[in-house]
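Please look at the sequence and the model displayed below before reading on.

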Amino acid sequence: MKNNINNFMSRAIELSVESVRSKGGPFGCVIVKNNEIIAEGSNKVTIINDPTAHAEIVTIRKACKALNNFNLEGTEMYTSCEPCPMCLSAIYWSHIDKIYYSNTRLDAAKIGFDDNYIYNELSKQLSERKIPMQQLYQEDAIKVFKEWELKLDKTKY
């Protein structure tokens, strides 16, 4: 098994190298199920002008498509860098079992990918955050939540 872990992490790092050389960011990722890679991806933010196209998000999308399921229980992620807050949230939402990573978020910050301000923002009260948030029409929107709550044939996630 250790040899496979090495192979999976090596592939994630290889994808990060390929990404840098093709004008993407320095991040690569693979998702593994039953000891086989089911999806792989790299950072595409600047290539497709999508700030959410981090390697982990790209790979999660491919894995969901490959398994035809939004729930990735039973999978593991190998990523060339510790996931940012957005990617970490997506990993939790997709129910990936375990994350292996190489570089840390501090390593990433040293080359201009600093996520610490996002971590700091998340710990603040809404009124203290850099981007203002204002609640509107909650009375109308809550009706949809009540409908969902009573729905008998919903797909839970």
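The model is predicted, so local features need pLDDT of at least 70, side-chain atom pairs count only at pLDDT 80 or more, and totals for chains, interfaces and linings use all residues. Residues are numbered from 1 along each chain as its sequence is written, and side-chain values use heavy atoms, with hydrogens and water left out.

The chain has seven helices and four strands. Helices (H or I, at least four residues) and strands (E, at least two) are DSSP runs, numbered from the N terminus. Along the sequence they follow the pattern α-β-β-α-α-β-α-β-α-α-α. The C-alpha trace spans about 55 × 40 × 30 Å along its principal axes. Of the 157 residues in the chain, 31% are buried; buried means under 20% relative accessible area, exposed over 50%, and partly exposed in between (1.4 Å probe, protein chains only). A contact requires heavy atoms within 4.5 Å. Among the contacts with a separation of 6 or more, 48% involve residues 24 or more positions apart.

The four strands form an open sheet in the order S2-S1-S3-S4, with mixed pairing. Two strands pair if DSSP finds at least two bridges between them. Strands S2 and S4 (98-103) lie at the edges, and each pairs on one side only. On average, neighbouring strands are turned by 15° against each other, direction ignored. Helix H3 packs on the sheet, where it touches S1, S2 and S3, and its direction makes about 140° with that of S2. Such axes are lines fitted to C-alpha atoms, for helices over the stretch in contact, and angles run from 0 to 180 degrees between N-to-C directions.

Strand S1 deserves a separate look. S1 is mostly covered, since five of its six residues are buried. With S2 (residues 36-42), S1 pairs in the antiparallel sense over six bridges, and Val32 has Ile37 as its bridge partner in S2. The hairpin of S1 and S2 has two residues between the strands, and Asn34 takes a positive phi near 50° there. S1 also runs antiparallel to S3, to which five bridges join it. In S3, the bridge partner of Ile31 is Met77, and that of Lys33 is Thr75.

Which residues touch the most other members of the largest nonpolar core? Of its 18 residues, these are Ile31, Ile60, Ala63, Leu72, Met77, Ile91 and Ile96. A nonpolar core is a set of buried Ala, Val, Leu, Ile, Met, Phe, Trp, Tyr and Cys residues joined through side-chain atoms within 4.5 Å. S1 (28-33), H3 (55-67), S3 (75-81) and H4 (85-94) each supply at least two residues of this core. H3 gives the most, with five residues. A second, separate core of eight residues includes Leu15, Val30, Val32 and Tyr100. In a regular strand the side chains alternate between the two faces of the sheet.

Helix H4 has Pro85, Cys87, Ala90, Ile91 and Ser94 as its buried residues. These buried residues pack against H3, S3, S4 and helix H6 (116-122). An α-helix has 3.6 residues a turn, so residues three or four places apart point the same way. Just after H4, His95 takes a positive phi of about 65°.

Not counting residues up to four places away in sequence, Lys33 touches Ile38, Leu67, Glu73, Gly74 and Thr75. The C-alpha atoms of Lys33 and Leu72 are separated by 8.9 Å, although the two residues are 39 residues apart along the chain.

Finally, the largest pocket has a volume of about 270 Å³. On a 1 Å grid over the protein atoms alone, a pocket is an open set of points where a 1.4 Å probe fits, with protein on both sides within 12 Å along at least five of seven lines; lining residues have an atom within 4 Å of a point. Grid points are joined across faces, edges and corners, and the volume is the space filled by probe spheres set on the points. The lining consists of 17 residues, of which Phe27, Asn43, His54, Phe113 and Asp115 lie nearest the centre of the pocket. Helices H2 (45-48) and H3 each supply at least two residues of this lining.
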